Amino acid sequence: MPSVTSDRFASIETHGLVRLAAATPVASVGDVGANAAAILSLAQEAAAGGADLVLFPELSLSSYALDDLHLQEALLDRVEAEIGRLVAASTDLPVLLVGAPVRRAGRLYNTALVIGGGRLLGVVPKSYLPNYREYYEKRWFAPGAGLAGLEVEVAGHRAPFGTDLLFAAADRPDFLFNVEICEDYWAPLPPSTFGALAGALILCNLSASNITIGKARDRHLLSAAQSARCIAAYAYSAAGPGESTTDMAWDGQAMVHEMGDLLAESTRFGDAPELTFADIDTQRLRLERMRNGTFNDTAAAMGHPEQRFRRIAFPFRPLGDRSGLHRPVRRFPFVPADPRELDADCYEAFNIQVEGLVTRFRATAGRHFVIGVSGGLDSTHALIVAAKACDRLGLSRSAILGYTMPGFATGEETKSNAWALMNALGVTGEEIDIRPAARQMLADMDHPYAKGEPVYDVTFENVQAGLRTDYLFRLANRHGGFVVGTGDLSELGLGWCTYGVGDQMSHYAVNSGVPKTLIQYLIRWCIATDQFDAPTQAILTAILGTEISPELVPADADGALQSTESKVGPYALNDFFLHHIVRAGQPPSKVAYLAWHAWRDPAAGDWPPGYPDSAKLAYDLPTIRRWLDNFLFRFFTISQFKRSALPNGPKVSSGGALSPRGDWRAPSDGTAALWLDELAAALGPAPPS
């Protein structure tokens with residue numbers, strides 16, 4: 001295992017990340033030299049912090065609120081001189097996006113200068129000039145909309161000029177960005193939309209938007225929406241302290257969104273210059289666009305904008321400290337840490353499941369829900385979903401036929417929890433001891449256990465799992481009902497279910513779209529929002545505290561029960577792997593890198609509300625590697641045939657589902673070799689198990 005603090009594994013560019021710094025310098029009222037010095041100082045600080053791209057506000061070189069001073073030749077001459085100095089100083093700096101007024105063909109343009117590697121790479125004019133309410137930009141500037149294929153000479157540097165520019169880093173195929181200015185993204189059709197359709201993965205906005213009450217929320221809305229619609233990152237930096245407050249005020253808001261999610265945001269109304277770093281996952285963005293056919297269809301409908309854009313190449317040179325990670329990485333991709341988001345997600349997830357079950361029940365001729373109730377998390381959740389479905393249907397909960405079926409390793413705690421829950425909910429509960437039938441089947445098979453030998457192999461386990469499901473299906477036949485499946489998304493990902501006549505099969509798999517980590521929070525949400533009465537909530541709380549176990553193998557000599565997570569790995573990690581590999585298509589080495597940042601320090605980052613302190617664990621890279629190897633093998637090599645025959649069940653999370661009729665189609669005879677090889681190439685050969 002390589003050293004994670006010194007080798008290539010820890011560097012952001014290895015994993016398709018681009019580090020952007022949104023800068024909010026302290027401005028002046030027309031002191032161009034002071035503005036240039038402030039820009040250069042922040043650019044040097046950004047270089048030390050490992051930035052690849054630094055975004056400054058609109059007209060940051062001249063100042064924005066100058067009114068008619070924009071038309072003074074002395075000011076414009078000084079702007080041009082300082083542009084020359086910034087270009088000369090840029091040889092050891094990240095790519096800079098600087099706002100400045102630029103003269104061309106007898107007109108003055110409000111532009112973004114793209115500077116890098118000692119070159120003026122391009123000049124992008126503002127397309128749409130606000131000229132309403134407090135804005136008078138058409139008094140000074142010419143609009144840039146429609147300008148393409150042109151050039152301009154500034155400070156002795158000849159550069160492409162127009163709104164048709166896409167900037168692409170050499171040797172970093174996903175480092176592509178496009179630029180627009182302030183009002184452009186308030187337009188019905190922002191220029192950055194075409195930049196994205198032409199291939200840009202990072203959309204940058206140099207802004208001098210003045211602040212009014214509620215405007216910061218509007219900026220968030222626009223930035224988040226544009227990043228989501230364009231499957232891109234959207235970086236925004238607005239003018240801050242030092243601008244003229246003759247008639248307006250400035251808050252210095254800078255922020256970076258990626259596919260609708262906020263990665264980073266600056267302090268507002270500060271007095272000091274500030275850099276807001278964000279590591280943009282350009283690989284993730286490209287992979288998402290590959291999955292989204294509508295994005296490509298839109299490009300086609302718009303006449304393939306890439307044919308109209310000029311791609312300006314610039315050399316990529318990593319600078320400064322490339323370690324660390326400037327982006328939030330959820331420990332639990334399916335469970336938000338924000339309490340309001342979590343409450344909303346749980347409300348929707350629970351009701352999606354209830355709606356699915358209600359609709360399926362109405363479509364059948366059955367009179368009963370038939371559920372195996374073990375006292376574990378999954379069957380508990382399926383049972384409370386069924387209880388709510390009965391309430392919605394106006395049925396007595398006695399229409400639910402709950403069966404607890406103790407086997408050779410069933411514990412008294414889980415069995416008593418199962419009975420307590422069924423009684424509290426008012427369902428029809430029964431108990432069927434499957435041990436006599438299991439012994440008979442094992443004896444018929446000449447299994448060693450039938451002769452008194454303590455052989456607890458997969459046959460021993462699956463005889464019990466299969467009998468339980470067999471009973472449920474036959475009971476459904478007898479009572480005119482259908483079997484409600486209890487298995488969850490995490491188990492399907494790992495293949496941790498018995499195929500056919502086993503817990504892989506049901507008439508309706510109500511939990512199949514819900515990962516294990518979310519199921520725990522759905523039960524907690526039901527308690528917190530009083531979905532059931534106090535006795536039911538008390539037993540639900542008790543069930544949340546029990547060990548996750550299939551209870552198929554008797555306790556060992558020390559009394560330790562069979563533990564699912566000791567066999568397949570922590571569900572927290574498995575759900576992390578499932579999301580990033582299956583939903584996002586990320587390579588295993590990248591998933592290991594993200595998991596290491598998410599899980600290496602329990603004191604860093606946010607935990608979902610109410611998460612027990614005793615359960616706030618850390619996982620080092622070797623542990624992550626061990627369980628990622630296991631996940632890859634189980635998911636790609638040995639489990640797909642179970643998913644290919646999956647019963648119906650509702651998709652719940654936008655993180656994806658594994659139904660062969662929905663999100664996931666794959667061959668049942670595949671292999672994990674390719675994914676395991678990729679991980680080994682990054683982290684070395686897998687240690688012996």
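**Entry 1: a term, then a residue**

I start with a cut-off: buried means under 20% relative accessible area, exposed means over 50%, and partly exposed is what falls in between. My test case is Asp-457. Its relative accessible area is 30%, so I note Asp-457 as partly exposed. I also note that I am reading a predicted model.

Where does Asp-457 sit? I find Asp-457 in the loop between α10 (435-444) and α11 (458-479). I then looked across the fold to Val-553. Asp-457 and Val-553 are 96 residues apart along the chain, and their C-alpha atoms are separated by 8.7 Å.

**Entry 2: the whole chain**

I count 689 residues in the protein chain, and 57% of them are buried. The secondary structure gives me 20 helices and 19 strands. I took the extent of the C-alpha trace along its principal axes, and it spans about 100 × 55 × 45 Å.

Next I looked at contacts. I kept those between residues at least 6 apart in sequence, and 75% of these join residues at least 24 apart.

Then the surface. The accessible surface of the protein chain comes to about 27,100 Å². I assign 52% of that surface to carbon and sulfur atoms.

How many positive and negative side chains does the protein chain have? I get 60 positive and 77 negative. The centres of the two sets lie 5 Å apart.

**Entry 3: cavities**

I list six cavities of 30 Å³ or more. The largest cavity has a volume of about 110 Å³.

Which residues lie nearest the centre of the largest cavity? I wrote down Leu-93, Pro-94, Val-95, Pro-315 and Arg-317. They belong to a lining of 13 residues.

**Entry 4: the largest pocket**

I turned to open spaces. The largest pocket has a volume of about 1,600 Å³. I count 46 residues in its lining. Closest to the centre of the pocket I find Asp-261, Pro-328, Val-329, Arg-330 and Pro-333.

I keep a general point in mind here: most residues other than glycine have a negative phi. I looked up two residues with a positive value.

Ser-63 has a phi near 90°, which is positive, and it is not a glycine. I place Ser-63 in the loop between β2 (53-55) and α2 (73-89). Is Ser-63 buried or exposed? I mark Ser-63 as buried, because its relative accessible area is 1%.

His-304 is the other case. Its phi is positive too, at about 55°, and His-304 is not a glycine. I find His-304 in the loop between α6 (293-301) and β15 (310-314). Its relative accessibility is 28%, so I count His-304 as partly exposed.

Gly-106 came next. I see Gly-106 in the loop between β3 (95-104) and β4 (107-116). Its relative accessibility is 85%, so Gly-106 goes down as exposed. I also checked Gly-106 against Ala-142: the two are 36 residues apart along the chain, with their C-alpha atoms separated by 9.9 Å.

Then I moved to Ala-509, in the loop between α12 (489-494) and α13 (516-528). Why do I call Ala-509 buried? Its relative accessibility is 7%, and the cut-off for buried is under 20%.

What does Ala-509 touch? Leaving out residues up to four places away in sequence, I list Gly-485, Pro-647, Asn-648, Gly-649 and Pro-650. I followed up on Pro-650. Ala-509 and Pro-650 are 141 residues apart in sequence, yet 7.8 Å apart in space, C-alpha to C-alpha.

**Entry 5: a helix residue**

My last stop was Ala-680. I find Ala-680 in helix α20 (residues 673-683). I note Ala-680 as partly exposed, because its relative accessible area is 26%.

Beyond residues up to four places away in sequence, Ala-680 touches Arg-625 and Pro-685. I also looked at Ser-589. Ala-680 and Ser-589 are 91 residues apart in sequence, and I get 8.3 Å between them in space, C-alpha to C-alpha.

Conventions
Residues numbered from 1 in each chain as written. Predicted model: local features only at pLDDT ≥ 70, side-chain atom pairs only at ≥ 80, totals over all residues. Heavy atoms only, no water. Helix = DSSP H or I, 4+ residues; strand = E, 2+ residues; numbered from the N terminus. Buried < 20%, exposed > 50% of the residue type's maximum accessible area, 1.4 Å probe, protein only. Contact = heavy atoms within 4.5 Å. Areas by Shrake-Rupley, 256 points an atom, 1.4 Å probe, with all protein chains shown as cover. Lys, Arg positive; Asp, Glu negative; His and termini not counted. Charge placed at Lys NZ, Arg CZ, Asp CG, Glu CD. 1 Å grid on protein atoms, 1.4 Å probe; cavity = no way out; pocket = protein on both sides within 12 Å on 5 of 7 lines; lining within 4 Å. Points joined across faces, edges and corners; volume = space filled by probe spheres on them.
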